[in-house]
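Reader: I want to know what stands behind the labels. Please take me through them one by one.

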Amino acid sequence: MEPKDENKEGIGGMINPRRYGIERVAYILMRLSGLGLLAYFIGHIYETSSILKGEVGWAEFLELTQTNEGHAVLAIVIGMCVFHTVNGIRVMLGHGGVGVGRPARPDYPYLPASQNSRHKMGIYSAIVLAAIAMLYGLAVMYGE
Amino acid sequence: MAQVSSVAEGKTTKSVTLRIARYNPKHDSKKQFMEFNLQYERWTTVLEAILDVKKHFDHSVAVRYSCRQATCGSCGMIINGKPRLACFTKISELESDVVTVEPMNNFPIIRDLAVKFERLFDTHHKIKPYLIRDDSEITSNEKEFLQSPEELENYIQFANCIKCGLCNSACPTMATDSSFIGPQALAQAYRYVADSRDKGKDSRLKIIDDSHGIWRCHFAGSCSQVCPKGVDPAMGIQFLRGYMLGFRS
Ligand code: SF4
Ligand code: FES
């Protein structure tokens, strides 16, 4: 904390997943997977540009992805891609006001209608689908 | 760091350690915590415990409060890591032997637990929190603007806001962006846009259609989870964005 400023929580507070339920976890995963996919996109451009070095250069670079580390990175990329897509659809629908409940006079204990089971199911589905896609990707990469 | 024991009177049931953040931006370089051992009842609120400390041990603890009944919005603070109203949070419901109170995040600190609200009030004023019409209630022939109970239901939930700032303190965008308008102001923009008597929708949507406006909300929903009045700012913000994206008219 920087006490003399606005007492902002900063990035540490922004990415702390422990206080505000699965919705905040989804928010953090969305940011991380977005950054990860951006990094992969840049790496992918670099990788495919190796074709300019001819067939040998291209084959050498492809070898890198055939290692255990390469497989692990690609599996993570698959997971990020699926989570970002499925959760992105949920968030986009929410952004249009779809599935966020209806305004009503609040009653104690004031459970927020926008944090409803439909959206929670959407988040859990995104996580499960990402995990299944990663496992499938690993099975394909290891040729099983 | 002080170690003090409370006067245990009457039918006290349990004891708790209250840790209070002390910090004066005028001469302190960092926050320090003072600890007080207190007796509390099942119904004792965190605010009552802090006032107990002020009365019996250290009157210099700075805390803002007024109504003591979750109505004025003055006593927001971080209690065991989450923004809550001190007068609306019972020690017993925290289920912890240690209660740590700190000033709300994303607000400048005046001293100890008291924070400055200027920015929240500025952003609240910015969205024009009043009915916008060409005519006025006084000159209108009808003398009042009629509204059906159904039309009232569209916004009454959002009119419950007490400007406590807990939502702004929990928001992950507010944690890093000093210029973000914040969930409190956005929810209030929806409150007026959804009011059938109001004609200021376009001007309000223009105000929040800004790089530090509504587009910086990513629907994390933390604002709604901490709101002590059931306002559900995240819902209002998504509906508001629905107007801007053409999902609603
Ligand atoms: S929306 Fe809720 S949390 Fe935010 S200022 Fe209003 S009452 Fe407080
Ligand atoms: S003292 Fe008024 S809201 Fe807590």
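**Labels and their cut-offs**

Author: Chain B has 249 residues, and 54% of them count as buried. This is a predicted model, in which local features need pLDDT of at least 70, side-chain atom pairs count only at pLDDT 80 or more, and totals for chains, interfaces and linings use all residues. Residues are numbered from 1 along each chain as its sequence is written, chains are lettered from A and ligands numbered from 1 in the order in which they are written, and side-chain values use heavy atoms, with hydrogens and water left out.

Reader: What makes Cys167(B) buried?

Author: Buried means under 20% relative accessible area, exposed means over 50%, and partly exposed lies in between, with a 1.4 Å probe and protein chains only. Cys167(B) has a relative accessible area of 8%, so it is buried. Cys87(B) is at 11%, so this residue counts as buried too.

Reader: What label does His84(A) get, and why?

Author: His84(A) is at 25% relative accessibility, so it counts as partly exposed. This residue belongs to helix α4 of chain A. His84(A) and Arg24(A) are 60 residues apart along the chain, and their C-alpha atoms are separated by 15 Å.

Reader: How do you know that the buried residues of α7(B) line one face?

Author: Helix α7 of chain B covers residues 201–208, and Arg204(B), Leu205(B) and Ile208(B) are buried there. Seen down the axis of α7(B), these buried residues fall within an arc of 100°, so they line one face of the helix. The arc is that of the directions from the helix axis to the C-beta atoms. An α-helix has 3.6 residues a turn, so residues three or four places apart point the same way. The face turned away from the buried side of α7(B) carries the exposed residues Asp202(B) and Lys206(B).

Reader: Why are Asp232(B) and Asp177(B) called buried?

Author: Asp232(B) has a relative accessible area of 2%, so it is buried. Asp232(B) is found in the loop between α8 (222–226) and α9 (233–245) of chain B. From Gln157(B) it is 75 residues away in sequence and 8.1 Å away in space, C-alpha to C-alpha. Asp177(B), at 5%, is therefore buried as well. Asp177(B) is in the loop between α5 (166–170) and α6 (183–193) of chain B.

Reader: What surrounds ligand 1?

Author: Its shell includes Cys161(B), Cys164(B), Cys167(B), Cys227(B), Lys163(B) and Gln184(B). A residue is near a molecule if one of its heavy atoms lies within 4 Å of it. The shell divides into 9 nonpolar, 2 polar and 1 charged. Here Ala, Val, Leu, Ile, Met, Phe, Trp, Tyr, Cys and Pro count as nonpolar, Asp, Glu, Lys and Arg as charged, and the others, Gly among them, as polar.

Reader: How many disulfides does the structure hold?

Author: The structure holds 0 disulfides over all chains. A disulfide is a pair of cysteine sulfur atoms within 2.5 Å.

Methods: Helix = DSSP H or I, 4+ residues; strand = E, 2+ residues; numbered from the N terminus.
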